[in-house]
Amino acid sequence: MQKQEILQTYFGYSDFRPGQELLIDSILSGRDVLGIMPTGAGKSICYQVPALMLPGITVVISPLISLMKDQVQALNQAGIHAAYINSSLTEGQIQKAMEYAMGGRYKIIYVAPERLETWDFICFAQRARISMVAVDEAHCISQWGQDFRPSYLKIVSFIKRLNARPVIGAFTATATGQVKEDIIAVLGLRTPQLLISGFDRQNLYFGVETPKNKLSYVIQYIESHVGDSGIVYCATRKNVEKVHEALLARGIPAARYHAGLSAQERSENQEDFIYDRKPVIVATNAFGMGIDKSNVRFVLHFNMPQSMENYYQEAGRAGRDGAESECIMLFSGQDVAVNRYLLDNKAPNEELEPEENELVRERDSQRLQSMVNYAGSTSCLRKYILEYFGEYGMQRCENCSVCRGEYEEQDCTQEARQIVTCILELRQRFGINVVAGTLHGDRRSKLLELGADRCPTYGALQNLSEDRIKLIIRELEQREYLEATLDKYAILKVCGKAQGLLDGSDTVILRWARESENAAAKPRKTRKSDVLNHRGLELFEALKKQRLELAREAGVPPYMVFSDKTLIEMCIYLPFDRAEMLKISGVGERKYDRYGEAFLTAVREFTQGRKEKTYFGELGTAQAVIELAGARPSEKSVGRRGRGRANR
Ligand code: ADP
C-alpha cells in the first residue's frame, strides 16, 4: 500500500498535514528525521505510516507506560497490529510479544528506554530486522531540557548494537535551540531532515484571568460548560483537593489526580476521565503526559505553571481533535511567590555536577520569569507564546483574552516614572516587595527599619493597590525598563532605556484585564459544535451515546472510536451509506468495518431517512460552516452536499 492509501484506509484521513509527508518521505528514503511539532500536530502518523511500509519492524521508544498503552490501543482500533513491551507485562507476555514480532505479526512495537539494555530485548533486536527506531518525546535526551531522562541515553548504545543501523526518527513538541542541537548530537542523527512546524494551535483560545476568587471562577466556568470534558491543573496536591472538593459539593462529577494518591486510585481516576465517565479532572502536573484524549474542550490552570514549556504542553492537551477549545490561566501574585519557593527548594539532580546544577537553576529561574511575563502580557498572548518558541510574525490573533478586548487601556507613564525614581532612591538594592510597599506608603516595620519612609517617593502611589503597583513593575520589566537579578532575591535594577521615562520622551500605555467575575461564563469564539443548531446538537448527543456504547463493548475510551470532530462532521454531512461515511474525516475502512454501520443506522434513524433536513445554524454560507467544522477544502467540503444544504 502507498502512504496515501494507508492514511485513508487505517486512519480515515484524506490529506497529510503540512510537514507529515516530508518526514514520511525522508524516512522511506532512509534519511534520519527530527520533527519538532506542537502537541496535536500529528507526530505519530509520521512514523506509523512509514512503519507499515518499511520491510522490517519499527521500534518506538516512549517514556511512559500509559502513553504506549494508549497508542497501541488506538492502532489496534485502526486495524493495525502493534504491541508494547514494558514492566506492566509479565515475562511470559513479553516473550510472546517478541515472538509475534519476529513472526511478522507486529510491524510496530513500543518499548520503554529501560528495556533497551535488557539481554532478552537486545537478543531479539539483533535477530529481528529493525527498519526504524522512532524516538518519541526526544527532548528527554537533553540535559538542558526540562524532562531529562538519563534512561534515554541508553538509546544510543542500543542502536550501536544492532547489526545494521536503522533509520532514526526523533520527535518532540518542545525543543529550544540548545535542546534541538542536543537531540541531533546525542542521538547521532545523520544529516537529518529537520521539520519545525508551526507552533500555533489555531483552535485554542488563550486567556489569562485574575479573578478575585479563583474557586468561584472555576465553578462558574465548569457550570457554564456542562458536558464538556476538561482539565483543571493546580500547582499543589492541596489545591487539587480543595478544588476537587468544591466541585463535588456543587454536584459536578469530577475526578482528581496527584502523586499523593495510590497507584490504583490514580489509574482508576484517570480512566474515569478518559472513558468520559467523569467529564472533569482536577490534577497536578503529574497528570497528562501520554494522555491522548482528543476531546478535551478546556484546560484551566488554577495556578501559574513554572515555565512556558510546561504551560504550553499542559494547555496543549485541549483540542487535539482540532475542534475549538479554551486554555485559561488564573493568575495571582501569590503564584509567583510559590513558584519561586518551589524552585529555590528543588533538589539538585544527582547525575549532574554542582556547576551544571547551578546552570539548570538559572535557566529554571529565567523560564519562570518568562511565564510571569506571559501572565502580565498586555499584547497578544498567542504572539507571546509563538515568539517564545522562536516564531515571529504574528501581530494579533483575535482569539486570546488580550486581543478580544477583555482589557482596558491606561496611560501609566507617571506611575512608571515614580517606580523608576523609587528604585533609584532605594539605590537599586531591593526587590519588588520593598519597592511596591514604599510607593504604596506601607507602614510595615521592615520598610520603616530600612528608612523607606524617608524616600521622596514614599506613598507616591498610595492610590493604587500594591498588587497593581507590582503589575506595573512586571510590565516595566517585560518592556526592559527594569530588570530583576536572577538570584533568589530578584533585586530590581533600572535599565538604560528608563532614561526615556525620566526625561519624558517615553510614554507607557498599559492594558488591564477588566475585573469581571462573569468572564467564566462569557461566550468566546464560535465552537465547532456551535455550527449545529438545536436539532443538530440532539443528533450529536445521539451519536455520542452510540459512541459510548460501542466504546464500552470494545473496552476502549470513546474518543478512540471516533473523535468529537468526526461526529460533528457526521451531523453536518449526514452520511447514509458506506461511501458517504468513508468521506467523513477520521473514518477509515477498518474503523468503518467495526463501527460504521452502527453510526449509519443512528444517523438514518434520527433523520428518518430524510437528508434535506438541516442540522446546522444560520451561519450564512456553506463555506463558513465547513470552515468552522474544520473540514479541509477538498472535494469533501466544497462538494455537492455542503454547498447545497447550507443555502437552504
Ligand atoms: P501529537 O503526537 O503530535 O501530539 P497525534 O499524533 O496524537 O499528535 O495527532 C493528533 C490528532 O490529529 C490525532 O487525533 C490524529 O489522529 C490527528 N491527525 C494526525 N494526522 C492527521 C491528518 N493528516 N489529518 C487529520 N487528522 C490528523
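Set aside the neighbours within four places in sequence, and Thr-172 is in contact with Gly-35, Ile-36, Met-37, Lys-43, Glu-137, Ala-138, His-139 and Ile-183. This is a predicted model. Thr-172 belongs to strand β6, which covers residues 167-172. Its relative accessibility is 0%, so Thr-172 counts as buried; the cut-off for buried is under 20%. One of its contacts is polar: the side chains of Thr-172 and His-139 are joined at 2.8 Å.

The largest nonpolar core holds 142 residues. Ile-109, Phe-121, Phe-206, Tyr-374 and Phe-599 have the most contacts inside this core. Helix α25, residues 589-607, supplies the largest share of the core, with seven residues. Take Ile-109 as an example. Beyond its neighbours within four places in sequence, Ile-109 is in contact with Ile-57, Thr-58, Val-59, Val-60, Ala-83, Ile-85, Ala-101, Phe-121 and Phe-124. Another core lies apart from the largest one. This other core has 31 residues, including Ile-423, Ile-432, Ala-484 and Leu-510.

Helix α15 is next. Helix α15 spans residues 381-388 and is mostly covered, with six of its eight residues buried. The buried residues are Leu-381, Arg-382, Lys-383, Tyr-384, Ile-385 and Leu-386. What covers them? The cover includes strand β8 (204-209) and the helices α12 (308-315), α14 (354-375) and α19 (466-478). After α15 comes Gly-390, with a positive phi near 90°.

Terms used. Residues numbered from 1 in each chain as written. Predicted model: local features only at pLDDT ≥ 70, side-chain atom pairs only at ≥ 80, totals over all residues. Heavy atoms only, no water. Buried < 20%, exposed > 50% of the residue type's maximum accessible area, 1.4 Å probe, protein only. Helix = DSSP H or I, 4+ residues; strand = E, 2+ residues; numbered from the N terminus. Contact = heavy atoms within 4.5 Å. Polar contact = N/O pair within 3.5 Å; in protein donor to acceptor, adjacent residues only side chain to side chain. Core = buried A, V, L, I, M, F, W, Y, C linked by side-chain atoms within 4.5 Å.
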